[in-house]
Amino acid sequence: MNAARKPGPPYAELAVATNFSFLRGASHPEELVDRAVALGHAALGITDRNSLAGVVRAHVVAKERGFRIVVGTRLVFCDGTPDILAWPEDRAAYGRLCRLLTIGNRRAEKGDCRLTLKDLLQWGEGLLLAVVPGQSSYPASGGSERDMNPANGNTPAFEHALATLSRAFPGMAHLAARFSYDGDDRRKLALLVALADRCGTPLLAINDVLYHAPDRRPLQDIVTCVREYR
């Protein structure tokens, strides 16, 4: 007889883009909340691109469902800094995050936001942070941990950002890790584990959610094509 399976630890998806991330997210906040409730998630983190817009609708429906929303945003920079997820830990930090986004919006034309790592260092007190490595952050297949070591003169932008944030905000910086399902995830995860160990930052599992159900994939593909080839 098979032993009863023990329930796993509660999971909260903390990196979710809604349709308020223009041409990136393909689902409404309400749809994403309902899906998280149906899946038994402990919470849902709304992290729209340089915006807190999607949080409002998500909060309204989550309150009706007795579900927890984690307020946040995905900070996208104009100085080569990799994307950084940010979640305020209290009301004062929320105010600083709003100030940070306002500064970026005032620098740019309507619909854009121009932020630098220096801005985050100035206004980032009280924010839980997670640096998100992009595809270009990893050495080519066949590379090793040494390819990501700053002593070898090859310091990816995300390693610099992670180390900088770790020093500036002790205990608040994380390294986001996700599967890309490209056949190379085992190697990439090993590199991220080594990097997190060097920088003294824990790994944070994310799925980088863009839509709530498989049948929304065609729309996701369309908005991606419009964004990349407009």
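The legends below describe close-up views of one predicted model.

Residues are numbered from 1 along each chain as its sequence is written, and side-chain values use heavy atoms, with hydrogens and water left out. Because the model is predicted, local features need pLDDT of at least 70 and side-chain atom pairs count only at pLDDT 80 or more, while totals for chains, interfaces and linings use all residues.

**View 1. The protein chain has seven helices and seven strands.** Helices (H or I, at least four residues) and strands (E, at least two) are DSSP runs, numbered from the N terminus. In that direction the elements run β-α-β-α-β-β-α-α-β-α-β-α-β-α. Of the 230 residues in the chain, 46% are buried. Buried means under 20% relative accessible area, exposed over 50%, and partly exposed in between (1.4 Å probe, protein chains only).

**View 2. Strand β1, helix α1 and strand β2 make a right-handed β-α-β unit.** Right-handed means that, with the strands pointing away from the viewer, the path from the first strand over the helix to the second runs clockwise. Helix α1 covers residues 29–39. Strand β1 (residues 12–16) is mostly covered, with four of its five residues buried. Strands β1 and β2 (residues 43–49) run parallel and are joined by three bridges; two strands pair if DSSP finds at least two bridges between them. Ala 12 stands opposite Ala 43 in β2.

**View 3. A nonpolar surface patch is formed by Phe 179, Tyr 181, Leu 189, Val 193 and Leu 203.** Together these residues have about 500 Å² of accessible area, computed by the Shrake-Rupley method with a 1.4 Å probe, where for residues only the protein chains shown count as cover. Patches are made of residues with over 30% relative accessible area and no salt bridge; like charges are joined within 9 Å, and nonpolar side chains (Val, Leu, Ile, Met, Phe, Trp, Tyr) within 5 Å. A salt bridge is a side-chain nitrogen of Lys or Arg within 4 Å of a carboxyl oxygen of Asp or Glu. Val 193 lies in helix α6 (residues 185–199) and is partly exposed, at 44% relative accessible area.

**View 4. Tyr 181 and Asp 208 have positive phi values.** Tyr 181, with phi of about 55°, is found in the loop between β6 (173–177) and α6. Tyr 181 is exposed, at 65% relative accessible area. Asp 208, with phi near 55°, lies in the loop between β7 (203–205) and α7 (217–229). Asp 208 counts as buried, at 19%.

**View 5. Cys 78 is too far from Cys 113 for a bond.** Their sulfur atoms are 8.5 Å apart, whereas a disulfide is a pair of cysteine sulfur atoms within 2.5 Å. The count of disulfides is zero. Cys 78 is partly exposed, at 34% relative accessible area.
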